[in-house]
2 protein chains.
Amino acid sequence: MPEALVKHLTPKKSISVVQSEVQNTNRIALSVDCVIFGFDENKLKVLLIRSDLTKYKGKWSLLGDLVKPNEDLDRAAYRILSQRTGLDDIYLEQVHTFGDIKRHPAGRVITVAYYSLINIQHHKLQTHDNELHWEEVKHVTDLAFDHQEIFETCYRRLQKRIQEHPLGFNLLPKKFSLRDLQNLYESILDIKMDRRNFRKKFFSMDLLTDLDEMETDVPHRPGKLYQFNFRKYEKKKKIWSGIDF
Amino acid sequence: MPEALVKHLTPKKSISVVQSEVQNTNRIALSVDCVIFGFDENKLKVLLIRSDLTKYKGKWSLLGDLVKPNEDLDRAAYRILSQRTGLDDIYLEQVHTFGDIKRHPAGRVITVAYYSLINIQHHKLQTHDNELHWEEVKHVTDLAFDHQEIFETCYRRLQKRIQEHPLGFNLLPKKFSLRDLQNLYESILDIKMDRRNFRKKFFSMDLLTDLDEMETDVPHRPGKLYQFNFRKYEKKKKIWSGIDF
DNA sequence: GCACAATGTGTTATATTTACACATTAAATT
DNA sequence: AATTTAATGTGTAAATATAACACATTGTGC
């Protein structure tokens, strides 16, 4: 066996590092960044904050913070969200970790990206202080750091997830019309859908409770209002085994 | 506006931390763990290594290592793989980051989990030194650290991905029969599939090159051999916009 | 040359997805 | 009060995709 190959095969130390290594070897800071989605004026939006680094002066960035030494990752993400929005009970999902060496100008910072879905009606955060801003996803460009890439990764993830799980409801008020729901899907996926097929699909899934209420304040025939029925969504473990490239 | 709410709305410092913070605030070590899948004897297997921590004495764990201060995440995962297997050109995908405070006995270590697919024929690593071991996925239980959870997360991810993208080929030798391919899918998904429908599906996708060769050394009628045709898989951007919970 | 154990193939039934048009309703306007 | 407006609400038929299913063929091993 050639020596070069043998070298490769020499057992190396595993993840089970000893204490001293943990403390001394690594000087890597850890942060969490959140892509916070909201749905308003029939548009999918993202909450951004002005960068305070001179290097990125004037640019928008995602909301994030360093993870505290004794703070779980998910909890850190949750903290950022509740601090910013005052909301609890937020949908939150880890997406990807970005760790390029030079991604942050202040040193080695790797960041765990989350996205979250919030009901924009239920929060009233001050965005007019020019620090925070709801930007339409279509118009998000040129964010600070590698946040553009993080944003796009999270957005693609949302687009995929929303077709597989009923997440959309987290972006809507408790009561919504089917038109609202369709608008939501259309704006997230950036496509047009057939109204009849859309309704048929959702009714057949039996996830909506008919509230026997109507929209008000619409300048046309009002639609019925519905509510998402969590109880009915019991992750019907669909054992799907198709192949679909 | 209530004071408590106002507090929530007060702008906090963003991700753009200053240099000093990066160096002093965080003492979090960063590692990478790889769930290395192989396919052998018609079984899906995972490469494990004996834990060298006394706390987990006798238990198996995933292959991993600390990320070096000036090493990209993906590169670190790649390094672990090529060190262990002597292979390059490996399929590698980041899955999830695990960061519970107490997940590692030696201190705060967060770990980025990857899975990889390797062609077990093309490597010949010494597993008989009792350090490394290929374990059938069905029999993987009770790994060290939180590696059981990491393993299961990565396995579920693989199961999903394999139905959406032609990854399976990375686990097979260059030349394979359709039976091999079906066995692969069946063992990854842990289901039985209909042979005729399976073949129909793959032929219709037009990803296989018929090599006009036959299996040898089989005690029955030999099957034809095929090769995966990367060229033909040009991520036909299927704009699927179904909803399927 | 015969039994064996696998490969290789086609059709039908079912389920899912897509395409498509018109009557209905309440508000706003005249 | 009648009309216009802009939306809601609904069903069916065609096309596509999936699932179920059986028998002839081939090379090996005895």
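**View 1. Two helices of chain A meet.** In this predicted model, three residues of α5(A), namely A:Leu178, A:Leu181 and A:Gln182, touch α6(A). Their partners in α6(A) are A:Arg195, A:Phe198, A:Arg199 and A:Phe202. Sorted by class, this contact between α5(A) and α6(A) holds four nonpolar, one polar and two charged residues.

**View 2. The geometry of the helix pair.** Two numbers, an angle and a distance between axes, describe a pair of packed helices. For α5(A) and α6(A), the angle is about 105° and the axes lie 11 Å apart. Angles of 65 to 115 degrees count as roughly perpendicular, so α5(A) and α6(A) are roughly perpendicular to each other.

**View 3. The surface near DNA strand D.** Around DNA strand D there are 18 residues. Those that come nearest are A:Arg179, A:Arg196, A:Gly223, A:Lys224 and B:Arg221. Of the residues on this surface, 10 are charged, five are polar and three are nonpolar.

**View 4. Helices that supply the surface near DNA strand D.** The largest share, three residues, comes from α6(A).

**View 5. Chain A as a whole.** Chain A contains six helices and 10 strands. Of its 245 residues, 33% are buried. Now take the contacts in chain A with a separation of 6 or more: 65% of them join residues 24 or more positions apart.

Notes:
Residues are numbered from 1 along each chain as its sequence is written. Chains are lettered from A and ligands numbered from 1 in the order in which they are written. This is a predicted model: local features need pLDDT of at least 70, side-chain atom pairs count only at pLDDT 80 or more; totals for chains, interfaces and linings use all residues. A residue is near a molecule or strand if its C-beta atom, placed from the backbone, lies within 6 Å of it. Helices (H or I, at least four residues) and strands (E, at least two) are DSSP runs, numbered from the N terminus. Ala, Val, Leu, Ile, Met, Phe, Trp, Tyr, Cys and Pro count as nonpolar, Asp, Glu, Lys and Arg as charged, and the others, Gly among them, as polar. A residue is buried if 20 or more other C-beta atoms lie within 10 Å of its own, exposed if 12 or fewer, and partly exposed in between; C-beta atoms are placed from the backbone. Two residues are in contact if their C-beta atoms, placed from the backbone, lie within 7 Å. Axes are lines fitted to C-alpha atoms, for helices over the stretch in contact, and angles run from 0 to 180 degrees between N-to-C directions. Angles under 35 degrees count as roughly parallel, over 145 as roughly antiparallel, 65 to 115 as roughly perpendicular and the rest as oblique.
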